[in-house]
Structures are given as C-alpha cells and as structure tokens.
Amino acid sequence: MTSLPSSLIPLHRGRLILWAWLAIALTAVNLRTAVTGFTPLLEIIGSDLGFGVTLSGLLGTVPAASFGIFGFLAPAVTRKFGLERTATVALSLTALSLLMRALSPTPMLLVLSTVLALAGIGAANVVIVPLVKVWFADRLALGTSLYLILLQTGQFIAPLLAVPVAEAATWRLSVGIWAGPAAVAGVVWLVLAVRLPADHHAPAAVTATDAGPRISRSSTVWGLVILFAMLSLSNYGIITWVPAVLTDAGGGTALGGSMVALYSVWGMLAALVVPHLATRMTNPFIVVVGCAIFLVAGYLGLLLSPLDGTLMWMCALGIGVSTFPLCMTLINRRTKSPQTASAVSGFVQGIGYGLACFGPIGLGLLREATGSWSIPLLVLAVTAIPGVIAGWFACRPRFVENSAPQPTKRDADQQRP
C-alpha cells in the first residue's frame, strides 16, 4: 500500500482524513440496505408486478452471487484505477441501480436493476477493507469497529423501515430511498478521488500463487470456505425467507421486517465480541459449536412455533451466524503474511458466497414443491453439521503456510487483525 503523497502532507492531509472517515462511514451503512430493505417487500412487490416464490428466491440469491463474483473481480479493477475511484464508481452504480429498481415496471427490469445494484455493493464490500487499512493504519482497530458497526446499523434499520414506508406511501419509495445515501457516499469518494493520482492506495497484485503456499490444498482454507459458505447460506436464507415464513404462519407483513431487523442487531454485538474471543483462544472451535446449537434451536423454533417465541428464535439465529466475524478473524490468525491473508480472503469469500447463492432460490423451490416451510427449515438446520465439521479444520491452531501449530501466545498476538 502507498501512503499519502508528500505534497498533501501536512497541508491537506487532515482535511482528506476527515473526508475519508465520512466516506468509509457512508459506504459501510450502504453495504446491506439494498438487501435487507428489499426482502421484506418481496410479497408486496410480487403482488404488484406479478411474480411468485421462484423469482423471489432468485432475487434473494443475487446478493451472495454478486458478492462472490465481484469479490474475485474487484481487486483487478482497483489495481488499475485505485481504491477511491473504484469506490466512487461502485457507489454511483448502486445509487443509479436502486433508482432503476424503484421505477421498474416489469420483473425482468427489477432483476436487472438488482443485479447492477448488488454488483456495485459487491465491489464496495471488497474495497472498503483495504481503504480502512491504508487511510487509518494507526487507528486500524477503531476504523474496523466503525465499519462493522455501521454495516450492521444499515442492515437492521433498512428492514425496520421497509414495510412501514411501503404502507404509508408505496414500495417504490421504500426501495428507492436508499439510493440517496449511496449517492452521497459516491460524491464523497469523488471528492477524494479527484485530488489523488489514479494509482493512489492501489494494493499490490496478490494471488494464490504470489502468496507462496498452494492455498487450494490447505485443509484450513477449505474449512474456512465451507464454514463461510454455510453461515452465508443461513444468513441469506434468513434475510430472504423469514418474512415469508412468518406471513404464511399468520403474522403481519411488518412483523417480518422487524424480525429481520432484530436478527441483524446481533451482528453488532458479534462484531465486537467474537474477534476478541478468537484472538485470545488458541482454538476457538467451541465458538463454532455454540453458534451451531443456536442456529438449530432457531430453525426448529420457527418450524414448531413460528409465532410463539418469535423473538427468541430470531435472537438465536442472530447469535448463530456469529461465525462470520470468526471467519474474518481466522483469515488473519491462520496466515503469516498480509499477502497470504489477502489471497485466502479472496478464495474463501469468492467460493463461499458462490456456494451460498444456491440457498435462497433452492429454499424457495423446496417451499413451492412441498407447500410448506417445514422442509426448507429442516434443510437449514442440517447445514449446521457441515459447518461444525468445517469449523474443526478452520479453528485448529495451524498456519495456512504450513501444518505446524502456532507456536506461542506472543506469536498469536502478532497475528491479531
């Protein structure tokens, strides 16, 4: 990573740092709103535009597919154009696409606009991590905490507002309002981008072969891939279909949005607690087991008594997907160098999201074939089993570069994110 050009220090550096703080904060807020502010409205939109469960499942699959595809593509773009310019284009594309989605007259245009919006968010999702690192290297913990907390804030506010705004006005306004914050974030990044050279803060090319080890042959890496895929499948399955599960059980449309919001709130606590645990435990496998138990309890609760104890089931599911910050922490803990960590991160997220994208549409097809949510919820509960098995491999105190255990607590502390 490069540092700020000498011509910008110290005259403009302070001002640019403030703009960067604002840009990162606005970007983080926008990373999930286009997903969680949309899925509670699928039945309302489907009724208006004339589509059913199958297309709703496809729309629920788009986020995971986009994050997987653009997780692979975004680094190549940033190497050519720079991080700030990539962020500018990504947020601008998202804002325009969200407006297009709000105005969509047909299901086909709704799908196209959703793909474009999530393409922009997928790219922003990748570049925000190195942007935090290069702008706030001396405040990395603070920058990372800010980014994760604001991401979760946007994730739970959007579904909380989705149905009330749609009922007070229209679903088009409810979907379209999130174009505003995305556009503002794009403008702030543009302010930074026009003052910097095109290659400013562009990360060096990092690939699996550059990292040294053959990461595709590492059992630790594959443990992370499967664990990440299973938690992502659960996450997007919950966000996409829990509103429909509750509606089919007799709950109101606003209940689904509020429950997705409650589920999302737990991510804020997990972002603060789980990395702390993972950096202090030699083998955090117990965290994986505990999360799996909560996931199974949440799914079985929704299956057996969806409207009695709904709050408890959603809290259990929110705790259950706490393996997300665990995976992000283990990528750093189980690698010796930033180069290897970057390669492992792209490999894990690219394949993990790619596998998870089959979840929402597959669950929707199961619902359509069986006529109830019983089988889909049981399938989601069963995914905890491969997650636990994969977690055992991912959590072993071994570096990806070799099979030797991590030697000492001091060495482990040096690997903290």
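The bend at a residue is the angle between two axes, one fitted to the seven residues ending there and the other to the seven starting there. In this predicted model, helix 11 has a kink of about 40°, and the kink is centred on alanine 270. What about the length of helix 11? With 28 residues at 1.5 Å a residue, helix 11 should span 40 Å, and its end C-alpha atoms sit 42 Å apart, which agrees.

Helix 11 also has a packing partner. Two packed helices are described by the angle between their axes and the distance between the axes. For helix 10 (residues 219-248) and helix 11 (residues 253-280), the angle is about 150° and the axes are 8 Å apart. Angles over 145 degrees count as roughly antiparallel, and helix 10 and helix 11 are therefore roughly antiparallel to each other. Their crossing is right-handed. On the helix 10 side, the contact is made by Asn235, Ile238, Ile239, Pro243, Leu246 and Thr247, which meet Thr253, Leu255, Gly256, Met259, Val260 and Tyr263 of helix 11. Sorted by type, the residues of this contact come out as eight nonpolar, four polar and no charged.

Helix 16 brings Leu363, Leu366, Arg367 and Thr370 to the contact, and helix 17 brings Ile375, Pro376, Val379 and Leu380. The residues in this contact split into six nonpolar, one polar and one charged.

Key: Residues are numbered from 1 along each chain as its sequence is written. This is a predicted model: local features need pLDDT of at least 70, side-chain atom pairs count only at pLDDT 80 or more; totals for chains, interfaces and linings use all residues. Side-chain values use heavy atoms; hydrogens and water are left out. Axes are lines fitted to C-alpha atoms, for helices over the stretch in contact, and angles run from 0 to 180 degrees between N-to-C directions. Helices (H or I, at least four residues) and strands (E, at least two) are DSSP runs, numbered from the N terminus. Angles under 35 degrees count as roughly parallel, over 145 as roughly antiparallel, 65 to 115 as roughly perpendicular and the rest as oblique. A crossing is left-handed if the near helix is turned anticlockwise from the far one by less than a right angle, and right-handed if clockwise. Contact means heavy atoms within 4.5 Å. Ala, Val, Leu, Ile, Met, Phe, Trp, Tyr, Cys and Pro count as nonpolar, Asp, Glu, Lys and Arg as charged, and the others, Gly among them, as polar. The expected span of a helix is 1.5 Å times one less than its number of residues.
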